[in-house]
Amino acid sequence: MQSSLEVAIIGAGYVGLSTAVALALAGHRVRVVEQQTQKLEVLQQGQVPFFEPDLEAAILLCADNLCFTAQMQKAVPTADIIILAVSTPPSPAHGADLRQVFAALHQLAVFLPDRQQVLVVKSTVPVGTHLEIQTLMQQLAPDANLAIASNPEFLRQGRALRDAVFPDRIVIGASETWAFARLQQLYAPIMAGIVQVPENLEIHRPKHAIPILEVSAASAELAKYAANAFLAMKISFMNEIANVCDSTGADIGDIKSTLQLDTRIGADFLNAGLGYGGSCFPKDTKALSQLALRSGYEFRLLKAVIEVNNEQKYRALNKLEHVLHGLRDKQIAILGLSFKPDTADTRESIGVDLIEELLARGAMVKAHDPMLAQLQLPEFSQGVTLCSDLANCLESCDAAILVTEWRCYQEANWALLGQRMSQRIMFDGRNTLSLKAMQEADFVYIGIGRN
Ligand code: UDX
């Protein structure tokens, strides 16, 4: 029988809530502090305030171990472990804006007891932040007996719970041995793979124990940026190879098949497309590049990764502009506005960027997303029609650009939908549609490096 711990989690975003649910499923008693009233009310009713598969079903399973409050004093004094999971949005000057981190620390400091507690930083923060936190906590709570640990999260939106209960690895950066031992106790059920999960996640349960790495706090902080930067590099690399395919007649699918069978390269994150978006890769690659520069090192490879990503979507538009003999007064359908499927998150959405660029080039835009009602979108200027129905969206369009590979686009009847369009031109920005089906539906098909 594993012994359970008292855990306080500060912040109920994707990371905080998924971690809270995973630890409650693991048998710990978890109190989540969320200060946004609307969000808190939804959570207290057992619901999830954003779209994320599996979380609501999992909350039902662990409701006895999980509660939500707005007050630090209801969670912090009794906690064995306090996990900081507030957001660190992009900041032009320092890569990551740490205001929410420091505000939370000021608030919780007054409730720290004098017994041993571990303060875990899960939010993605620049290397060295643990030292700043240490100094601040010594000033704010000199009598507290606090060990600061860095424990980055690698979960993906759209499969956040699955990644939290079945992670590839757990990374702990802590200088005190007792703090590492306590975090090992926290993660013991996850490492042993014995956490109860909603039934549909069972097939993903790993057959091996999950490794835990004990590293320095600086290494843990940097490891998170390195992992994201490496994955972003794989994507930009494949996008560049796809661009070479376009000019040489080679096919990106063939290249991917060849690369992914090389165990040294690995099978994942080799999909060429319009580039990466979302709340992490764009922010973290920029933050790491700035962090390196501040430490006196120019990270040239990462700079190129970012540049390739920024250009990729516009290269696609240039290609379409060429096929359509100009974009002015053309009606273009944008398919997909969330930054990837299975999420309603539009942060750094390629679809939104493309709409703005199409408008700038004189086109009219109709945009569709299966989760349209739940999306947060900017105020577009005139010339944009948002559609919740795919057929309406395609009506009278000169071309469609598939931006987000939602399943509904793969399953759509393109022969029928094509009849609605003025011209049957499909720019598949994620290489996700069947070439055969598009040919049979009489479409001019353009992919990314797909020949
Ligand atoms: C990412 C990391 O994967 C995760 O470990 C980290 O904790 C947070 O950032 P997330 O942003 O949720 O997760 O999504 P992810 O699935 O990694 O995709 C990020 C972007 O890369 C998306 O825009 C996606 O479309 C793009 N992508 C991904 C590609 O263009 N090609 C690929 O092969 C994979």
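Leu-335 stands opposite His-368 in strand 12. The two residues belong to a parallel pair of strands in this predicted model: strand 11, residues 331–335, and strand 12, residues 364–368, are joined by five bridges. Both strands are part of an open sheet of six strands, whose pairing is parallel and whose order reads 13-12-11-14-15-16. At the edges of this sheet stand strand 13 (384–387) and strand 16 (444–446); each has a single partner strand, so one side of each is left without a neighbour in the sheet. On average, and with direction ignored, neighbouring strands here are turned by 20 degrees against each other.

Two helices pack on this sheet. Helix 11, residues 300–323, touches strand 11, strand 14 (399–402), strand 15 (425–428) and strand 16. The direction of helix 11 makes about 165 degrees with that of strand 15. Helix 12, residues 350–360, lies across strand 11, strand 12, strand 13 and strand 14, and runs at about 170 degrees to strand 11.

The relation between these helices can be stated with a few quantities. Two packed helices are described by the angle between their axes and by the distance between the axes. For helix 11 and helix 12, the angle is about 50 degrees and the axes are 11 Å apart. The two helices are therefore oblique to each other, and their crossing is right-handed. Helix 11 contributes Lys-313, Tyr-314 and Leu-317 to the contact, while helix 12 contributes Ile-350, Asp-353, Leu-354, Glu-357 and Leu-358. Sorted by class, the residues of this contact comprise five nonpolar, no polar and three charged.

The loop between strand 12 and strand 13 contains Gln-382. With a relative accessibility of 78%, Gln-382 counts as exposed, because the cut-off for that class is over 50%. Gln-382 and Val-365 are separated by 17 residues in sequence, and their C-alpha atoms are 9.4 Å apart in space.

A further open sheet has eight strands in the order 3-2-1-4-7-8-9-10, with mixed pairing. Strand 3 (66–69) and strand 10 (212–215) stand at its edges, each with a single partner strand, so one side of each is left without a neighbour in the sheet. From one strand to the next, the twist averages 25 degrees.

Strand 7, residues 116–121, pairs with strand 8, residues 145–150, in the parallel sense over six bridges. Within this pair, Gln-117 has Leu-146 of strand 8 as its bridge partner. Strand 8 and strand 9 are instead paired in the antiparallel sense, over two bridges, and there Ala-149 has Ala-174 of strand 9 as its bridge partner. Strand 9 and strand 10 pair in the parallel sense, over four bridges; Val-171 stands opposite Leu-213 in strand 10.

Strand 9, residues 170–174, is mostly covered, with five of its five residues buried. The covering extends to both faces of strand 9: Ile-170, Ile-172 and Ala-174 are buried on one side, and Val-171 and Gly-173 are buried on the other.

Ser-216 and Asp-345 lie 129 residues apart in sequence and 33 Å apart in space, C-alpha to C-alpha.

Helix 4, residues 99–109, lies across strand 1 (6–10), strand 4 (81–84) and strand 7, and runs at about 150 degrees to strand 4. Helix 4 also packs against helix 5, residues 129–140, at an angle of about 30 degrees, and the axes of the two helices are 10 Å apart. That angle makes helix 4 roughly parallel to helix 5, since angles under 35 degrees fall in this class. Helix 4 passes helix 5 in a right-handed crossing. On the side of helix 4, the contact involves Val-101, Phe-102, Leu-105, His-106, Leu-108 and Ala-109; these meet Glu-132, Ile-133, Leu-136, Met-137 and Leu-140 in helix 5. The residues of this contact divide into nine nonpolar, one polar and one charged.

Conventions
Residues numbered from 1 in each chain as written. Predicted model: local features only at pLDDT ≥ 70, side-chain atom pairs only at ≥ 80, totals over all residues. Heavy atoms only, no water. Pairing = 2+ DSSP bridges. Axes fitted to C-alpha atoms, helices over the stretch in contact; angles between N-to-C directions. Contact = heavy atoms within 4.5 Å. Parallel < 35°, antiparallel > 145°, perpendicular 65-115°, else oblique. Left-handed = near helix turned anticlockwise from the far one by under 90°. Nonpolar A, V, L, I, M, F, W, Y, C, P; charged D, E, K, R; others polar. Buried < 20%, exposed > 50% of the residue type's maximum accessible area, 1.4 Å probe, protein only.
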